[in-house]
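I am opening a notebook on a structure that is new to me. My notes follow in the order in which I looked things up.

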2 protein chains.
Amino acid sequence: MRITVLSGGIGGARFLTGLRSAVDPDRDPITVIGNTADDIWLFGLRVCPDLDTVMYTLGGEIDPERGWGRRDETWQAKDELAAYGVEPTWFGLGDRDMATHLVRTQMLTAGYPLSAVTEALCARWDLGLRLLPMTDDRVETHVVVDDPTAEAGRRAVHFQEYWVRLHAPVAHSVVPVGAEDARPGPGVVEAIAEADVLILPPSNPVVSIGTILAVPGVADAIRQTSAAVVGVSPIIGGAPVRGMADKLLPVIGVDVSARAVAAHYGSRSAGGLLDGWLVDEADAADIAEIERVGLAARAVPLYMTGPDAAQSLARDTLELAASIQAVGAS
Amino acid sequence: MRITVLSGGIGGARFLTGLRSAVDPDRDPITVIGNTADDIWLFGLRVCPDLDTVMYTLGGEIDPERGWGRRDETWQAKDELAAYGVEPTWFGLGDRDMATHLVRTQMLTAGYPLSAVTEALCARWDLGLRLLPMTDDRVETHVVVDDPTAEAGRRAVHFQEYWVRLHAPVAHSVVPVGAEDARPGPGVVEAIAEADVLILPPSNPVVSIGTILAVPGVADAIRQTSAAVVGVSPIIGGAPVRGMADKLLPVIGVDVSARAVAAHYGSRSAGGLLDGWLVDEADAADIAEIERVGLAARAVPLYMTGPDAAQSLARDTLELAASIQAVGAS
């Protein structure tokens, strides 16, 4: 069974640890298509937060408290950069983490595409899965926020500034700059087309899954794949488990609920992207409405409180996919 | 009194701490022309070991044991780079130190010349003196060493590899690559021409002072300045205090002795570069021969065992310069 997962950062990475433990990766190879739209140049270094969160989490070296960056991290270079008065001071670039960005930037500067760089970085980590950037092209999510000091009263900021520095204020629009001209990275379309199961884990529908889908060719590949396509709601009881989806879903006209996100993705039977959708038990009442959209739906525990819960969620996801495949085969 | 000093790394930097404490920097402004020929690109970062040693030493943040790099340093990024299998692993790039190279590289990439970058970096440190790179152009010292695996039996390595990785084996030649096309950095010629006292501290005559002198225009400016030009022997009792001058002086045909280095620089009265030369008391017997070359010479304690000794050496240097000026004025 070939499994392909579209992933943002923390939520996707935790789901992936559960998935990896729920299958035999030799028999059931996992390919991850990682979001690169929150990548950013900082201090001359190319930082890929979502790819790194997947890499560090699956590599067992993520900081478990923060959910991003390296375990046993130090911040000497960051403090020194601040002492030199260099901006930005709001992004947490740790000393261990720094090495990843140095290697990446040096390889990019030498002419390697991000996909080759990511493969080289992952070679160290023994991830038990294949991590593909959604694209080798530059795509950066910008968010338009209020700014009384700007002539127009608003300005566009990089997603990292929106989230890390400004802590997700009211947003007026979200634009994955460069996405319309981007091409899917090597292997991305194939990983979708040739999958048996395609999973949208509980990553942000706007700035993680949404930006992957914004790369021309990705959504079409999902519509056409013979895989069972199942998603896990990032919303539980009307709120995101982590992150700022509650601030960004309204910007694209989607309510902050498990059923609204399901309707947003839509059913492949009606030109949408999903065959099935998992909601938390707290949202069991949504199931009927989700089924009316044309999706198979189940309510299971979605909170990934630890490795066991993440594994259990992955099993539930695969079971939903299997039930969809069984119906399709019948 | 305007004082200008040509400086390499540790020896020059320690001398400068003594000099700064020996004068009133407001009344007696100090300008340092720093060697940049052992600069190196590492992991995509531009590292300037001699400029940084001067900056960190005068800034009070040098590691006092090593004599290079930052106090209270950590090595997390270095260890991680090694874990990624990235070469070279033999260069000690600390986490605090890293910030300096990040700022420098970012500014260089943005188009600022090294002189402007150095000024910006120094703004943080309150050095009490002005630090000028010898040139804004790229000059890199290469050393030819034996290599049985090379077709020619020899190969050229970067000075840092010669010294840090190979620990100064037998050398066949030393070439400051790019020097002949380099131009003195902004202010360098002026700092020599307008000085009252010009000092060659006990820096390496081949790969520190020698490379500064290899920049076209620098040696001529020294020959023509109205300043008293005095030097401090880097050799005591036939050996360098630190470093590898004993390995490199023979390569340029100079004996490893205080008097041979003096003769190598030569007297300005005979087309050379010096008016006066300080040797250690251990080399007092050399004075007569040094005076025969046309230099004023004195034997004083040269070992900079601490701040007091460095200050005392600086005072002796200034006194020698004053005595030369008195003779010139008479």
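In which helix is B:S323 found? I looked it up: B:S323 sits in helix α13 of chain B, residues 307–329. Helices here are DSSP runs of H or I with at least four residues, strands are runs of E with at least two, and both are numbered from the N terminus.

**Ground rules.** I am working with a predicted model, in which local features need pLDDT of at least 70, side-chain atom pairs count only at pLDDT 80 or more, and totals for chains, interfaces and linings use all residues. Residues are numbered from 1 along each chain as its sequence is written, chains are lettered from A and ligands numbered from 1 in the order in which they are written, and side-chain values use heavy atoms, with hydrogens and water left out.

**B:S323 again.** B:S323 counts as partly exposed, at 22% relative accessibility. The scale is this: buried is under 20% relative accessible area, exposed is over 50%, and partly exposed is in between, with a 1.4 Å probe and protein chains only. I also looked at B:R298, which is 25 residues from B:S323 along the chain. Their C-alpha atoms are separated by 11 Å.

**The two copies.** I laid chain B on chain A.

**Salt bridges.** I count a salt bridge when a side-chain nitrogen of Lys or Arg is within 4 Å of a carboxyl oxygen of Asp or Glu. How many are there over all chains? The structure holds 37.

I looked at B:R104 and B:D52 next. Their closest N and O atoms are 2.5 Å apart. B:R104 is in helix α4 (residues 95–109) and B:D52 in helix α2 (residues 49–58), so the pair ties together parts of chain B that are 52 residues apart in sequence.

A:D137 is partly exposed at 21%, whereas A:R183 is exposed at 56%.

A:R70 pairs with A:E61, at 3.6 Å between the closest N and O atoms. A:R70 is buried, with 1% relative accessible area, while A:E61 is partly exposed at 24%. Both belong to a salt-bridge network that also links A:R96, A:R124 and B:E80.

**Aromatic rings.** I searched the whole structure and found 10 aromatic pairs over all chains. Rings of Phe, Tyr and Trp (its six-membered ring) pair if their centres lie within 6.5 Å; planes under 30 degrees apart are stacked, over 60 edge-to-face, and the rest tilted. A:Y265 and A:W277 are edge-to-face, at 5.8 Å centre to centre and 65° between the planes. A:Y265 is in helix α11 (residues 258–265) and A:W277 in strand β13 (residues 276–280), so the pair ties together parts of chain A that are 12 residues apart in sequence. Both residues are buried.

B:W68 and B:W75 are edge-to-face too, at 6.2 Å and 70°. B:W68 is partly exposed at 36%, and B:W75 is partly exposed at 26%. Ring pairs also link A:Y56, A:W125 and B:Y84 into a cluster.

**Core.** Last, I looked at the largest nonpolar core, which has 116 residues. Such a core is a set of buried Ala, Val, Leu, Ile, Met, Phe, Trp, Tyr and Cys residues joined through side-chain atoms within 4.5 Å. A:L19 and B:L19 touch the most other members. Contact means heavy atoms within 4.5 Å. Leaving out residues up to four places away in sequence, A:L19 touches A:I3, A:V5, A:I30, A:I199, A:A314 and A:L318.
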